[in-house]
Amino acid sequence: LAHARTCGHHGGMLDSPAFLNVEASVTGRRWVGPEPEQVRLGAAIAQAAGLPELVGRILAGRGVAPEEAAAYLAPALRDLLPDPSRLRDMDRAAARFLAAVRRGERIAVFADYDVDGGASAALLITWLRALGREATLYVPDRIEEGYGPNLPAMQALGATHDLIVCVDCGTLSHAPVAAAGCDVLVLDHHLGAETLPPAFAVVNPNRQDEDGGLGHLCAAAVVFLMLVAVNRLMRAEGETEGETGPDLLGLLDLVALATVADVAPLTGLNRALVRQGLAVMARGARPGIAALAAVAGMTGPPSPYGLGFVLGPRVNAGGRVGAADLGARLLASADPHEAAALAERLDRLNGERREIEAAVRAAAEAQAAARPAGPIVWAAGEGWHPGVVGIVAARLKEAFGRPAVVIGLDRREGKGSGRSVPGVDLGAGIARLAREGLILRGGGHRMAAGLTLAPEQVAPAMARLGEILAPQQAAAPIGRALRLEGVLGPGAATPELAERIAAAGPYGAGSPAPRLAVAGARITGVRRIGESHLALALADGSGRLEAVAFRAFEGPLGPFLLAKGGAGAHLAGRLERDEWQGRVRVKLHVEDAAPAA
């Protein structure tokens, strides 16, 4: 089946007829339906597990065999959690961290300024507080200090602390780690170089000498595994359960938030971590997350969409346009009043970030559209805020279906960020630019990376990056095709079906939410919401269905749907269960459309 799906992404996609005969949709995509083998296996899964055939087909598309369906729908973390000792330096790091706790040493946590860094820091701070210990939090300023440990900060922390734990950073920070003057632990996931910094321990599943089997983990998951190892050490040495820190499963809301926000693939262990973490988050026990959800107007149970597009951007806002440590402080807060104040501040900063982002995005899209098409899309501009270039890169990636890099320039240097597409390792490509001397520094992971370079290096570096990534891009899944699992009539779109589909999740990077088509439905109502969204009502002989199209007027989808009011069209999108004021309903989140023949 895996081979059949791979062929479907390449030759099979083009050889088979377009789904519903949509060769070019409103957004320019070719619709592709399920392969015959997926349909056959989906029916077998549905029969064996007592599922709707559509849900069986979704599982088949993820490589699930009929006998594995029950375990896949209810993944047990205990069955998937690896032995932490599998990672190099893990036992050494856990023993040193526990020794620092027992001896009452002064501990500093040096964290990256994004969600993964903030959640990683909050994991350590929360665990330590449960044992009556405190740690110093240090998050570098994005503009003044840049990413990762720097010499002045590490020297200052080393002068007043016995142990520094670098989370979501540090793997490439040789000189700053050496300058610390105290023991340093690095808990990271970014791509490592051939040599490691002179830390006491470097735990990173993406070290060059690791087997790559856990390379999909974010930094917060690595920190979680270290705490598992520390708790195991405490139990082995005879300490009681109550003395081994907090319930580790209760920390999984932080791991889930970081995993989704860092766009780690929701497969295998990550899927189990996020699934368990969402259940923990639903209890509302963490003041910081509860306060942020309230200020953002989130209702109903948490979802990967809420983590990635509602909570994540607000946690990130401090690191982008405000005080860099706000996100980590919020996530680590145990005081509901403090958490509410921090959440309000982050929400305001997120509004400022959106305004800055809109201006940079417009300029970057115009620049990228004017440049000849190639393996990557890129843009660079004077004065572009470095706090938003990553978000704008993600927007360019979505718009062009290719890896994207956006660079903000000043007179001395440029700071850029990139986002990739499945099958293209952007972090390795940018790390290669650094090795070749075409940029000052840079690195990251498969789907996201950062770089610093001189203004005169921009054009040659981007040309070379295109050369490096071209073979992977050519072999990657076709970016402008929309894969659909099947056709659904409005009357069949019930809350029960939406729940069954959700149970096959969570969905996100590496495991996209299934897309369904509503064929030839009549648009009986259409209403514009704000500047860019649409609310729709659909109907056919089977029943009615509510729909919404977010950001529809940022492209051709909005005008098309608005003009189709009262007429029929093929619509494609995600079916989701929606709960509002005690009423449960189902909605189609429309992502694409095509004229009905």
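Biologist: In the salt bridge of Arg314 with Asp347, how far apart are the closest N and O atoms?
Modeller: This is a predicted model. Arg314 lies in helix H14 (residues 304-321) and Asp347 in helix H16 (residues 336-370), so the pair ties together parts that are 33 residues apart in sequence. The cut-off for a salt bridge is a side-chain nitrogen within 4 Å of a carboxyl oxygen. Arg314 and Asp347 meet it, with their closest N and O atoms at 2.7 Å.

Biologist: Which residue meets Glu546 in a salt bridge?
Modeller: Glu546 lies in strand S16, and its partner lies in strand S18 (residues 583-595), so parts 39 residues apart in sequence are tied together. The N to O distance is 3.3 Å, and the partner is Arg585.

Biologist: What is the relative accessibility of Glu134, which forms a salt bridge with Arg129?
Modeller: The closest N and O atoms of Arg129 and Glu134 are 3.4 Å apart. Arg129 is partly exposed, with a relative accessible area of 36%. Exposed means over 50%. Glu134 counts as exposed because its relative accessibility is 54%.

Biologist: How many salt bridges does the count come to?
Modeller: Some of the charged residues are linked in a network of salt bridges: Arg353, Glu357, Arg361, Glu365, Arg395, Glu398, Arg551 and Glu554. For the structure, the count of salt bridges comes to 34.

Biologist: Where does Phe550, a member of a nonpolar surface patch, lie?
Modeller: The patch is made by Tyr305, Phe309 and Phe550 and covers about 330 Å². Patch residues need over 30% relative accessible area. Phe550 has 42% and is partly exposed. Its place is the loop between strand S16 (543-549) and helix H21 (557-563).

Biologist: How many disulfides does the structure hold?
Modeller: A disulfide needs two cysteine sulfur atoms within 2.5 Å. The structure holds zero disulfides. For Cys169, the nearest cysteine sulfur is that of Cys166, 5.1 Å away. For Cys182, the sulfur of Cys166 is again the nearest, at 9.1 Å, so the count of disulfides is zero.

Biologist: What is the relative accessible area of Cys182?
Modeller: Cys169 counts as buried at 0% relative accessibility. Cys182 is buried as well, with a relative accessible area of 17%.

Biologist: Which residue in S11 is the bridge partner of Arg441?
Modeller: The open sheet of five strands has the order S7-S8-S9-S11-S10, with mixed pairing. Its edge strands, each pairing on one side only, are S7 (377-382) and S10 (441-444). S10 runs antiparallel to S11 (residues 448-453), and four bridges join them. Within S11, the bridge partner of Arg441 is Thr452.

Biologist: Which residue with a positive phi follows H11?
Modeller: Helix H11 (residues 252-261) is mostly covered, with nine of its ten residues buried. Among them are Leu252, Leu254, Val255 and Leu257. After H11 comes a residue whose phi is near 60°, and that residue is Val263.

Terms used
Residues numbered from 1 in each chain as written. Predicted model: local features only at pLDDT ≥ 70, side-chain atom pairs only at ≥ 80, totals over all residues. Heavy atoms only, no water. Buried < 20%, exposed > 50% of the residue type's maximum accessible area, 1.4 Å probe, protein only. Helix = DSSP H or I, 4+ residues; strand = E, 2+ residues; numbered from the N terminus. Patch = residues over 30% accessible without salt bridge, like charges linked within 9 Å, V, L, I, M, F, W, Y side chains within 5 Å. Areas by Shrake-Rupley, 256 points an atom, 1.4 Å probe, with all protein chains shown as cover. Pairing = 2+ DSSP bridges.
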